[in-house]
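I opened the model and looked up helices, strands, ring pairs and charge pairs. My entries follow.

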Amino acid sequence: MRHFDLVIIGSGSGNSILDDRFADWNVAIVEKGVGSTGNYGGTCLNVGCIPTKMFVHTADVAGAPSAGTRLGVDLELRDVRWHDIRDRIFGRIDEISSGGRRYRAEDNPNVTLFEGVGRFTDVKQVEVETAGGTETITADRFVVAAGGRPAIPDIPGIEKVDYHTSDSVMRLDELPRRMIIMGTGFVGAEFAHVFSALGVEVTLVGRSGRALRSQDVDVSERFTELAGRRWDLRLNRKEIGVEQDGDLTRLYLEGPDGSEVVEAEALLIAVGRVPNSDRLDAAKGGLALSRNGKIEVDSEQRTSVDGVWALGDISSPYELKHVANHEMRVVQHNLLHPDAPIASDHRYVPAAVFSSPQIASVGLTEQEAQRLGVEYVTSVQDYGGIAYGWAMEDSTGFAKLLADPETGKLLGAHIIGPQAPTLLQPLIQAMQFGLDARTMARGQYWIHPGMPELIENALLNLPLR
């Protein structure tokens with residue numbers, strides 16, 4: 001057995017731990033996903049944040065002609081060159097992925113890259129199945145950052161049909177005429193926007209009565225209303241079976257009005273994700289798991305085994321790249337400074353949905369505040385109530401704020417509309433550093449007529465005591 005100072009399982013955010021301060025450490029990286037297209041760099045780089053947002057921006061451009069009509073500008077979408085779109089995106093991403101792999105495999109003499117599936121066989125002991133055989137490695141310290149994977153629902157016939165997940169759908173050979181998307185969370189909402197903007201007829205299927213149901217209800221209801229105008233939206237549906245008929249996939253549903261059948265040339269499953277702890281046999285490594293299979297960690301990202309840390313989607317309730325990067329920096333510090341550890345700060349974790357319209361949120365929803373018994377006041381500012389909103393003829397977007405009525409400290413912020421993630425950022429900053437709404441609104445200039453006036457007006461509208 002080969003022994004290392006540190007073994008890192010997963011090449012996403014875990015890969016970023018290593019910098020010049022680890023130059024004298026003997027390190028191993030275990031990465032299962034290295035293949036012909038390259039998967040080094042984790043979910044975000046290869047099948048998540050980066051490529052999806054490149055597709056989203058393309059979809060936004062493709063949607064510009066229809067948006068121009070209400071402004072008096074008649075435009076025409078003449079063609080969508082799918083191969084050019086796809087190859088532009090992955091031509092860049094695959095090179096970054098393979099370049100990252102080469103850097104670790106060839107340019108870091110203190111790093112050994114194991115390309116294969118790793119499984120714990122004992123405490124601080126991992127067996128790696130590589131193309132050259134099986135090897136067992138041990139280490140003084142482990143970092144488990146092996147992420148997650150798309151969940152596949154247990155539907156009769158699912159094992160016999162051709163389906164896609166977010167791992168594969170962006171590399172389609174051809175655009176289908178129709179696509180069924182199972183799941184009305186952020187993955188389903190983003191891909192519905194992408195493919196419909198590129199000319200695909202989308203049917204979006206969800207089990208609940210609202211799309212994006214984890215959002216504040218006002219935001220979720222507005223998005224659901226808009227989604228129903230744009231896509232064939234089937235809510236309160238239960239999938240009871242699926243079958244393949246040549247190039248067609250048929251999905252059988254049970255809904256409020258009885259049985260239904262929808263069919264399309266492509267099926268995308270986007271019903272959530274599961275952690276890869278099972279594939280790692282994490283329990284055999286002595287790692288305590290939560291009920292949903294996540295590796296349990298404390299505030300310093302330590303697991304139940306001394307000298308083993310975990311970060312990112314395999315352990316965090318926040319399956320977000322910016323959270324994984326934050327946790328990575330905490331683990332990095334704690335590896336280097338074991339006598340002066342620091343803790344992760346998950347108080348104000350923002351999230352965004354890059355669909356159309358965009359959505360961004362941080363902090364409590366109104367429903368969470370009610371459930372927790374938190375005293376709050378709210379304000380809502382429509383995009384249409386600011387000058388730039390008039391310019392855009394936006395009639396559906398708004399910002400909603402929750403604040404403590406006594407202190408004016410923000411409790412939550414929720415935006416649906418153009419550039420929502422950008423507009424949210426100063427509110428995240430205010431919450432993080434304890435800036436109250438009155439000081440934020442009146443203690444600085446707000447550029448007129450800019451979109452940040454949406455935030456200024458929302459702050460001023462809060463009925464504080």
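**Salt bridges**

I began with R302 and D298, whose side chains meet in a salt bridge at 2.8 Å, N to O. I count a salt bridge when a side-chain nitrogen of Lys or Arg is within 4 Å of a carboxyl oxygen of Asp or Glu. The model is predicted: local features need pLDDT of at least 70, side-chain atom pairs count only at pLDDT 80 or more, and totals for chains, interfaces and linings use all residues. Residues are numbered from 1 along each chain as its sequence is written, and side-chain values use heavy atoms, with hydrogens and water left out.

Next I checked accessibility. Buried means under 20% relative accessible area, exposed over 50%, and partly exposed in between (1.4 Å probe, protein chains only). R302 is partly exposed, at 40%. D298 is partly exposed too, at 29%.

I then looked up the total: the structure holds 32 salt bridges. One of them joins R2 to E135, with the closest N and O atoms 3.9 Å apart. This pair links distant parts of the chain: R2 sits in strand 1 (residues 2-9) and E135 in strand 5, 133 residues apart. I take helices (H or I, at least four residues) and strands (E, at least two) as DSSP runs, numbered from the N terminus. R2 has a relative accessible area of 38%, so it is partly exposed. E135, at 28%, is also partly exposed.

E201 forms a salt bridge with R177, the closest N and O atoms being 3.6 Å apart. This pair also links distant parts of the chain: E201 lies in strand 8 (residues 201-205), and R177 lies in the loop between strand 6 (148-150) and strand 7 (178-182), 24 residues apart. E201 counts as partly exposed at 46% relative accessibility.

I also found a network of salt bridges that links R178, E243, D245, R250, E263 and E265.

**Strand 7**

R178 took me to strand 7. Is strand 7 enclosed or open? Five of its five residues are buried, so strand 7 is largely enclosed by the rest of the structure. In a regular strand the side chains alternate between the two faces of the sheet. I checked both faces of strand 7 and found them covered: R178, I180 and M182 are buried on one side, M179 and I181 on the other.

Strand 7 runs parallel to strand 8, joined by five bridges. Strands pair if DSSP finds at least two bridges between them. I180 stands opposite T203 in strand 8.

**Two hairpins**

I followed strand 3 (residues 111-122) into strand 4 (residues 125-130). They run antiparallel, with six bridges. F120 stands opposite V126 in strand 4. The two strands form a hairpin with two residues between them, and K124 in the turn has a positive phi of about 55°.

Strand 4 then pairs with strand 5 (residues 133-144), antiparallel over six bridges. T130 stands opposite G133 in strand 5. Here too I noted a hairpin with two residues between the strands.

I compared helix lengths with the expected span, 1.5 Å times one less than the number of residues. Helix 2 (residues 49-62) has 14 residues and should span 20 Å; its end C-alpha atoms are 20 Å apart, which agrees. Its buried residues are P51, T52, M54, F55, V56, T58, A59 and A62. Their cover includes helix 1 (42-47), helix 3 (64-68), helix 4 (82-106) and helix 5 (186-197).

Helix 7 (residues 321-336) has 16 residues and reaches 22 Å from first C-alpha to last, close to the 22 Å expected. Its buried residues include V323, A324, E327 and M328. The buried residues of helix 7 pack against strand 1, strand 5 and strand 15 (308-310). Contact here means heavy atoms within 4.5 Å.

**Aromatic rings**

How many aromatic pairs does the structure hold? I found eight. Rings of Phe, Tyr and Trp (its six-membered ring) pair if their centres lie within 6.5 Å; planes under 30 degrees apart count as stacked, over 60 as edge-to-face and the rest as tilted. F223 and W231 have ring centres 6.3 Å apart and planes at 55°, so this pair is tilted. F223 is buried at 1% relative accessible area, and W231 is buried at 5%.

Ring pairs also link F55, W82, F90, F191 and F195 into a cluster. R171 lies over the face of F90, at 3.9 Å from the ring centre. I call a charge over a ring if NZ of Lys or CZ of Arg is within 6 Å of the ring centre and within 35 degrees of the ring normal.
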